[in-house]
Amino acid sequence: SRNGSQHQGRKIIIMEAPNVCVKDLGGGKGDETEASTNSESPSPSSRSSNEIDPCEWVQAQITEGADPRVVLRKLLHPSCQLPQHLDDVALWRLVLQLLTEPAPRQKLAHVNSLEDIVKLITTSSRIIVLSGAGISVSCGIPDFRSHDGMYAKIAQQFPELPDPHAIFDIEYFRDDPHPFFKCAKELFPGQYTPSLSHRFVASLEKRGKLLRNYTQNIDTLEVAAGIQRAVFCHGSFDTATCISCDHCVKGDVLKDDIMNERIPVCPECSEVLKPDIVFFGEGLPESFHQRLQSDKLEADLLIVMGSSLKVRPVSLIPSVLRHDVPQVLINREHLSHMTFDVELLGYSDAIVSELCHCLGPDWVSDAAVPPNEQRAVVSRSASGVYLFPGAIIDHRELAVEADEDGPSAKKAKLDNDK
């Protein structure tokens, strides 16, 4: 995300990625199948080990004027029909994604149950928590990708947008910042209180078990929950920077404008002040890369909470950890592109509440689990998969019904018993 090159007048942002083996790919000029003979550019055949940095190789191909469609046909199949409407920027990003796609993770045979997770939390001392918007929904903050989430609302409110994601695209923001500042007040910090899920992470830190909380969220509820070992992967509203002169101000300076849906301007040059949250097309904070380099070697447990893991490079965190590190998913739905040892599917707070009860009364107290809250009846649907209230299977939300043992007990059940 910190490398870029000029291509047809537009800047292509190339994501930083680990080395992968690229064999027999060659160059992408015309219909050639051999690597370029330009000795200055890295090509698969110019390294005896056949292992190069994919970012460098893609950058070299762009510089040489290679055709990304030719490259993609070599990666996929010569007869592959690529959509004509995709421009070179999109195609090169697809090339890089294919080259850096990590190998599928193998599930650990000895980690299969809720009891295993409780034991791991008890015995682990270097836990990484990777959290997303799902842990803040109960605070009143909309998530992004659900059917009634932020992107769905943006699509209705701004039908002129080429795509709802464009509201967080840096190039679109530079052209028209109005849509972003129309929606920014929903995300601005200070309006919400931490959820049970946030308090659970704080409890891990209090017990000396939290190695790091990598959060994709920009609401800074981690700070409000007292979590100190947090890395804000996608930045935050704490500061803002002018898009022209780079003048930096405290985030509070923007509050009045943002809450009134106005565009804040730089006091130095009168250009737009952009909150220091990471947009599509921007690099992640240096702190993310620095921390992950050491944390990936130290972690002894990964807990993913409330994230669809669809945005790189944060989505690659599970892939860079050691293969023997257990991985747990706490999310409303299964992630088909990932392999976890145990999946706890449902509302994040409901799952965390049950975990705290299993861990013991001290955990219940520290996380401030509501004292009169009835424990959810948990359904185990498959090896390592547990269904809680709010779970979504095959795009159908599980019904939450009253249990036969009492009207207040909740039970997750599939309408077709699947």
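User: In this predicted model, are Phe 168 and Phe 180 buried or exposed?

Analyst: The structure is a predicted model, not an experimental one. A residue counts as buried when its relative accessible area is under 20%. By that criterion, Phe 168 and Phe 180 are both buried.

User: How many aromatic pairs are found in the whole structure, and which geometry do the rings of Phe 168 and Phe 180 adopt?

Analyst: The search of the whole structure returns 10 aromatic pairs. For Phe 168 and Phe 180, the ring centres are 6.0 Å apart and the planes stand at 80 degrees. Planes over 60 degrees apart count as edge-to-face. The pair of Phe 168 and Phe 180 is therefore edge-to-face.

User: How many residues apart in sequence are the parts that the pair of Phe 168 and Phe 180 ties together?

Analyst: Phe 168 is placed in the loop between helix 5 (150–157) and helix 6 (170–175). Phe 180 belongs to helix 7 (residues 178–183), so the pair ties together parts whose separation in sequence is 12 residues.

User: Which geometry describes the rings of Phe 173 and Phe 181?

Analyst: Phe 173 and Phe 181 are both buried. Their ring centres lie 5.8 Å apart, with the planes at 55 degrees. Because of that angle, the pair of Phe 173 and Phe 181 is classed as tilted.

User: Which residues form one aromatic cluster with Phe 168?

Analyst: Phe 168 pairs with Phe 180, and Phe 173 pairs with Phe 181. These residues belong to one aromatic cluster, which also includes Phe 279.

User: How many nonpolar residues does the contact of helix 4 with helix 13 have?

Analyst: Helix 4 contributes Leu 114, Ile 117, Val 118, Ile 121 and Thr 122, while helix 13 contributes Glu 354, Leu 355, Cys 358 and Leu 359. By class, 1 of these residues is polar and 1 is charged, and the number of nonpolar residues is 7.

User: What is the handedness of the crossing of helix 8 and helix 13?

Analyst: Helix 8 (residues 196–206) packs on helix 13 at about 40 degrees, with the axes 8 Å apart. The two helices are therefore oblique to each other. In this contact, Leu 196, Ser 197 and Phe 200 of helix 8 meet residues of helix 13 that include Val 352 and Cys 356. The crossing of helix 8 and helix 13 is left-handed.

User: How many of the 11 residues of helix 8 are buried?

Analyst: The buried residues of helix 8 include Leu 196, Phe 200, Val 201 and Leu 204, and among them are also His 198 and Glu 205. Helix 8 is largely enclosed by the rest of the structure, because the number of its buried residues is 9.

User: What distance separates the C-alpha atoms of Val 328 and Met 305?

Analyst: Val 328 is part of strand 12 (residues 327–331) and counts as buried, at 1% relative accessibility. Beyond its neighbours within four places in sequence, Val 328 is in contact with residues including Ile 117, Leu 301, Ile 303 and Phe 340. Val 328 and Met 305 are 23 residues apart along the chain, and their C-alpha atoms are separated by 8.5 Å.

Notes: Residues numbered from 1 in each chain as written. Predicted model: local features only at pLDDT ≥ 70, side-chain atom pairs only at ≥ 80, totals over all residues. Heavy atoms only, no water. Contact = heavy atoms within 4.5 Å. Helix = DSSP H or I, 4+ residues; strand = E, 2+ residues; numbered from the N terminus. Nonpolar A, V, L, I, M, F, W, Y, C, P; charged D, E, K, R; others polar. Phe/Tyr/Trp six-rings, centres within 6.5 Å; stacked < 30°, edge-to-face > 60°. Buried < 20%, exposed > 50% of the residue type's maximum accessible area, 1.4 Å probe, protein only. Axes fitted to C-alpha atoms, helices over the stretch in contact; angles between N-to-C directions. Parallel < 35°, antiparallel > 145°, perpendicular 65-115°, else oblique. Left-handed = near helix turned anticlockwise from the far one by under 90°.
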